[in-house]
Amino acid sequence: MADATTGTHTERGRGPREAVQGASLTTIAWQQFKKHPMARVALVILGILYFLAAFADFFAPYPEHDINPNATFEPPTAVHFLDAQGHLSWPYIYGQKKSIDMQTFESVWTVDTTHAYKLRFFVHRSGVRDRYVPFPVNVIPVQLRHVLGIRPWASLHLFGVADAAGQAKIHLLGTDDLGADVFGKLMFGARISLTVGILASIVAIAIGMLMGGIAGFYGGWIDELILRFVEALSAIPDLFLLLTLSAIFYPLHLPSTTQFMVIIVALSVIGWGTTARAVRGQVLSLRERDFTVAAQALGASNTRVITRHLLPQTLSFVIVSLSIQIPGYTLAESVLSFFGLGVQPPSTSWGLMLSTAQSFAGVTGLTDRWWIFTPGVAIFVAVLTWNLLGDGLRDAFDPKSRR
Amino acid sequence: MIFYVVRRIFNLVPTFIIATFLAWGIIQAAPGDFASQFAFDQVDPGKAERIRALLGLDNPWYLRYFYWLRNVFLHFDLGTSMTSKASVTALILPLMRNSMVLLLPATALAFAIAIPIGVYSALNKYSLADRVLTIFSLLGLAVPNFFLALILLAFAVQWFHAYHWFLLPTGGMTSSHFSSFSSWHQIIDVGWHLIGPVIVVTLSSLAFVSRVMRGEMLEVLSQDYIRTARSKGLSERAVNVKHGLRNAILVIVAIIGSTLPGLVSGAGSVEYVTGWPGITPLFIKSIFAQDVYVVMALLTILTLLLMLGNLISDLALALIDPRIRY
């Protein structure tokens, strides 16, 4: 009744002849989403981050597992735009030399200004180790690629320095304890850190919807069983359950792809309960609605009623909870890898990179090797933007939270 | 009321048993066990098997769960640590105390600061201060607290390098020569070590609690009875405090029980980074060593804590909220 009154009211406002435009869910959602400037900014930033992660091989100046034991903790390379006379010049860098301070026995890096190295764009590197499999082919598992016989490779990098002897290297964010380029590693790490959240929340919500749907639809002892299980699972504190779950696979020394899936499964095992509860509640109320009863009266099977009539009704809910859960999982993965139970070397993620910072932070302080803390900033930006985007999506899809 | 309490407590028993059984199953699912590390002992090839028999690890895992459960319920015995050979209870209790020393002030501080912030933000909705606070809480929600702890640690080291005295300690809970201090000095020393970790844990929960409080306060203030209170001529203060705050605060009571484990987890990574001798460092160590009784004991205690926290929250809510019938 209330809807009808407001409907006529707006019609009157528009004038007598103008028809009311019907708007689909996505249209309304997009209109609402556009009202959130922060969410749009977040969407753009996230787009850039995912783009960098996807084409990390191209944007990083050096290959993924490139390490150099002689160049550990090399400070960031400064890119110069002005030559000695103060005139604008083509960007160039100087090499850095390591020496040992004989009093503290710490390695000291000094800039070697004798030779300037010109920065080059779109560099091809000829070495076999410099070849990489470009996105999106690298998403296909290696074994499958071999079976299918797809072996494309590329050797193009966005930037680099020209040097035959390989003396000067460009490290925009310095190197870590293994001498790997932190700037490149951040982007390679993003591949895991940024996808774990999405995949884990998709799996968690899928399990949650299935279990919640079953519990709510069938009721009775099945409902009781699932609810009890969810309750027991949620009674164990998340972080500790997550650590215990990951510890199952720790002694197996799994290959990195499998380990990645293990993390996703572990995260979704922790998270499906909340979704299951919420979906159960929704299904319980939807089950009694006329359209469900009608479908059943027309002879629709239970599976059809669940998949075609009940679950689509929860679509908005799914989108909203997806975007809300992603930052949480991103954080959880970083904690897990930080503790050494998540991503294992030689794979890398932002959390794992920070565990290096953990081993050296107590010695060097903030300013000496500040660049090893940058993965923390990356996590911060990713979680912040996902949160903002989540807020925007929630307002877009959930009529109750609109202001 | 008493009947309600008893019923709620009885309700917890099956949850507790399923949860611990689940935890036990997950722990046991890991390949190998504590004795595996001796499997390739050149001098004594039978060592692994003997240790396994000695520790009872050769029994099936579900059977060992029932032994464990029996010992817990009948003797309050959580087992013996395999690495340190000490009773798990004796091992855990001092660490639990240390964790609480960090957790309780941080929780109290977080709620004490977050509630006024949330209320203020709600009362001055979309004002400059509200916007600034909202931005800060968004930022606060996005910082991983182990990263914050790392920064703090590095800052402490940095300060020492620059001025050659410690503004904040570089980790741990006590200074060296702690045992030779007088008791007052000991308390001050622990308090000094507490500053950094408490700041990090407080900051990380501050954002969440203040956002919840703001949202709930706004929700309450938009209710009809607030309009009624205003229209009958009550002062703004009376409306906000007596009708607004007293209803909005219920949500804090409701979440305080369930935020506790989150705080334990959050404090966990801070403990790990700053070397605070709490339960999380022990948990990590035991997980890597497959010291199952320690892992199990910690999981059990934390589960119990979470369930009790929720129970107390519910009971407190039932007590102060007359709308809840039991």
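**Where chain A meets chain B**

In this predicted model, the contact between the two chains takes 40 residues from chain A and 47 residues from chain B. Start with the side of chain A that touches chain B. Which helices of chain A each supply at least two of its residues? They are helix 7 (220-235), helix 8, helix 12 (315-338), helix 13 (350-368) and helix 14 (374-397). Helix 13 of chain A gives the largest share, ten residues. By class, this side of chain A has 28 nonpolar residues, nine polar ones and three charged ones.

Now zoom in on one pair of helices.

Which residues meet here? Helix 8 of chain A brings Thr244(A), Leu245(A) and Ile248(A). Helix 1 of chain B brings Ala23(B), Ile26(B), Ile27(B) and Ala29(B). This helix contact has six nonpolar residues, one polar residue and no charged residues.

Next, look within chain A. Still, the domains touch: four residues of domain 1 of chain A are in contact with four residues of domain 2 of chain A. On the domain 1 side, three of the touching residues are nonpolar, one is polar and none is charged.

Conventions: Residues are numbered from 1 along each chain as its sequence is written. Chains are lettered from A and ligands numbered from 1 in the order in which they are written. This is a predicted model: local features need pLDDT of at least 70, side-chain atom pairs count only at pLDDT 80 or more; totals for chains, interfaces and linings use all residues. Two residues are in contact if their C-beta atoms, placed from the backbone, lie within 7 Å. Helices (H or I, at least four residues) and strands (E, at least two) are DSSP runs, numbered from the N terminus. Ala, Val, Leu, Ile, Met, Phe, Trp, Tyr, Cys and Pro count as nonpolar, Asp, Glu, Lys and Arg as charged, and the others, Gly among them, as polar.
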